[in-house]
Amino acid sequence: MATGKNPLFDTATTLGKIFLFLGVSAICGVLVAGLLVPAAAVSGSAASGSIQFFDTLPAELKVDPPSQSTTILASDGSVIANLYAENRTRVSLDQMSPHIKNAIIAIEDSRFYEHGGVDTTGILRALVSTARGNKQGASTITQQYVNNVINSSLEAEGKGDEVLLNGVNKGVGDKLREMKLAIALEKKFTKEQILEGYLNIVFFNRDAYGIEAASKFFFSTTAKDLTLPQAALLAGVVNSPSYYDPITNPENAKTRRDLVLKAMLTQGKIQQADYDAAVATPVETKVTQPRQGCAYSQTAPYFCDYVLHLLLNNPAYGADAAERERKIFRGGLTIKTTLDPNAQAVAQAQVDASAGANPDKWGASLVSVQPGSGKIVSMAQNTVWFPADGKFDQTQNFNVDSQDAKGNDLNGLGGFQPGSTMKPFTFAEWLNEGKSMNTQLNGAVRRYPQYFPWKNTCPAPTVGWYDASNGTHDLQNAEEGYYKYMSVLDGLANSINTITFATAAQVDLCGIQKIVDAVGIHGGLPTADSPNPQVPMTTLGNLIGSTQTAPLTMASAFATFANDGKYCEPIAIDSVTDATGAQLPAQTPNCRDAVSPDVAHGVAYAMQEVLNRGSGSLIQPRISTRTTFPIAAKTGTNDTNSSTWVAGYTKGLATATWFGDPLGNQQRAGQNVTINGKFYKGIDGYMIAGPQFSNYMAQVAPSYGTDPFPAPPSNLLNAPAPVAPPRTSTPTSQSTEPATQPSADPSPAPAPTKSSKK
């Protein structure tokens, strides 16, 4: 015998549904009463208790601007990079397609313009639907906006674990709070303001917050240009961004989109023909994947990272690191920098070409600044941030110090030994003491014993020396034939080590030190305890560059001579505005007198000769095969040929280029190596760093001005009689004088030393 349905169970089931409906309706009544009626007017302890609880909830919602993307711009306004914690670009309601406004209202809150923040009709409808077994939400757009604002604030404060999701971890108290805040919000803002806020804050995808970012991500368009099918699809996504993702779940997305379109048709927001055409449109996306962060910058990733760290280390952007990070990555800042994208493109092309395919990972870098302002014009190196196609990958910046003055990481490599690019500062002190650059000095002197009478009026305990008992550390020049009398000018032009030391032997080392300090030269490895490490001239090896120094430091120092002796600190940030358009602290030129104009003009005169007839004669920049322009420069190479340089300037642009070993402790010698298909017995400054400098300056410098340098005064050009090396007295137990005078033995030493390169 067949078993039939028991009528009692049917009746019980029906009664159960009725009782459930009545129960939830009673609860709803309490909530609505709490929203609409003062507690004193409601009888019953349960209702009274609910309303008392309700009255203790906050009535005001602090609506901060949602997290927005920060944009770093070049000097011409082009985008260098975008930074964000949430990919969002805020747009006004009039910059959104009417389709998205109609679609989101149709599917999320059809009575949006009729309720006061909480839709009691919608609540009852949802409860009835739930009682029948069909779960349905009842949150209005205003309530959803409240929930998004609260969650956004929690995320911004680093409290992501406290975020409340609809239907997941919300209690009755949370829902009551949301409802009361929604009512308060409706009293404070217009419907249009609430709708605009909602569409700018709502989550569409992990790479898209707000309608503008979603439009770009899914369709490579703007919110203003969304079509009806696109708008309906995005309106459907917000209900469940993962389930209705048109990329991973296109069928689900289409079903939801068509439901949105049906709602729009039913509510009279579109016509039948519009509906039919939209439903027939296939779900197709055209994704623009956002590239967040400096590492993805197509033009200047290392400069971008330098700018970012300047802001992260600036107390003006927050009391601590976490606050500054929130300001930068969530504040919707617009950061206008000093970078010239045209100059940057040339710089990048030059460093990329220097080592070619570069399987041995030789490093090349170039940085340039404007004399008179310190503005960084370009900053490039021959590496990529992420490994790609076998390219040389590196996240450290070759051009800057390892840290800033506060001891925070700047992710810089910290520089390299500058070699003979330090020689112009000894030359500058020679001129500063009123001596003629055409004075003849003895370049045959190759030893400076321990007690040689260096002049040093600075309070230094000792002065270094250049000597060794076995003769292997004799001072050497790069080539034979220069151990002889020659002018100080010729010594600098040809980068003669023995003349540099002979020059230093006739001046106050303290004066050299003061010039080096005044033009901003410092060690590239600062620490919290030593934020501005000195390059000490009392260690005489530093006359030819044995202390690690960053290319940006050298470019800024050489810019001093172009700027009539005024040093300007390098700056990278022209302006910063927040999302409201308010100006935030940026960088302004900070210049000071470093050397006299006469000295600056004398150095420029001499360093033009480096390119005209000296160690840089093969790299004289030319606009055409015959056309040159006024330009001064100095080559530099360290003792192992692992660090090679050219630093120089026109009146309008100063540049430092470097080529060498950037890996590990930079101990690899640049000798007997093949680079870019060419064998080098020893890399010198003019060989690879030189063409980088020459080609770059030929293309970029004319745009910044190549006026002639002012002539130095005649007293610095006169040709007095030769100056012999000073004789020394026999030391006593109280004396620091040398026992013998410097040796003038011109024979070559057995091995090259730190002083042997240009």
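Q: A disulfide is a pair of cysteine sulfur atoms within 2.5 Å. How many disulfides does the structure hold?
A: There are 3 disulfides. Keep in mind that this is a predicted model.

Q: How do the bonded cysteines pair up in sequence order?
A: Number them along the protein chain and the pairing reads 1-2, 3-4, 5-6.

Q: Take Cys568 and Cys591. What is the S to S distance?
A: The sulfur atoms of Cys568 and Cys591 sit 2.0 Å apart.

Q: Is that one right-handed or left-handed, and why?
A: The disulfide of Cys568 and Cys591 is right-handed, because the torsion about its S-S bond is about 105°.

Q: Where do the two ends lie?
A: Cys568 belongs to strand E10 (residues 566-568). Cys591 belongs to strand E13 (residues 591-593). The pair links distant parts of the chain, 23 residues apart.

Q: Buried or exposed, Cys568?
A: Cys568 is buried, at 6% relative accessibility. Cys591 is partly exposed, at 33%.

Q: Why does 33% make Cys591 partly exposed?
A: Buried means under 20% and exposed means over 50%, so the 33% of Cys591 falls in between.

Q: Now Cys458. Which residue does it join?
A: Cys458 is joined to Cys510, with S to S at 1.9 Å. The torsion about that S-S bond is about 80°, so this disulfide is right-handed.

Q: What does the pair tie together?
A: Cys458 is in the loop between strand E8 (440-442) and strand E9 (485-487), while Cys510 is in helix H18 (residues 509-518), so the link ties parts 52 residues apart in sequence. Cys510 is buried, with a relative accessible area of 3%.

Q: And Cys294? Which partner?
A: Cys304, with S to S at 2.0 Å. The link of Cys294 and Cys304 is left-handed, with -65° about the S-S bond.

Q: Which elements hold those two?
A: Cys294 lies in the loop between helix H11 (272-279) and helix H12 (301-312), and Cys304 lies in helix H12, so the pair ties together parts 10 residues apart in sequence.

Q: Are they buried or exposed?
A: Cys294 is buried, at 5% relative accessible area. Cys304 is buried as well, at 0%.

Q: Switching to packing. Which residues touch the most other members of the largest nonpolar core?
A: Phe425 and Tyr649, out of 95 residues in that core. Helix H19 (residues 551-562) gives the most to this core, with 8 residues.

Q: What does Tyr649 touch?
A: Leaving out residues up to four places away in sequence, its contacts include Phe558, Phe561 and Ala562. Val603, Ala604 and Met607 are also among them.

Q: Zoom out. How many helices and strands?
A: The protein chain has 21 helices and 18 strands.

Q: How much of the chain is buried?
A: Buried residues account for 52% of the 758 residues.

Q: What about the surface?
A: The accessible surface of the protein chain is about 32,400 Å². Carbon and sulfur atoms hold 51% of that.

Q: Last one. What share of contacts joins residues at least 24 apart?
A: 71%, counted among contacts between residues at least 6 apart in sequence.

Notes: Residues numbered from 1 in each chain as written. Predicted model: local features only at pLDDT ≥ 70, side-chain atom pairs only at ≥ 80, totals over all residues. Heavy atoms only, no water. Core = buried A, V, L, I, M, F, W, Y, C linked by side-chain atoms within 4.5 Å. Buried < 20%, exposed > 50% of the residue type's maximum accessible area, 1.4 Å probe, protein only. Helix = DSSP H or I, 4+ residues; strand = E, 2+ residues; numbered from the N terminus. Contact = heavy atoms within 4.5 Å. Areas by Shrake-Rupley, 256 points an atom, 1.4 Å probe, with all protein chains shown as cover.
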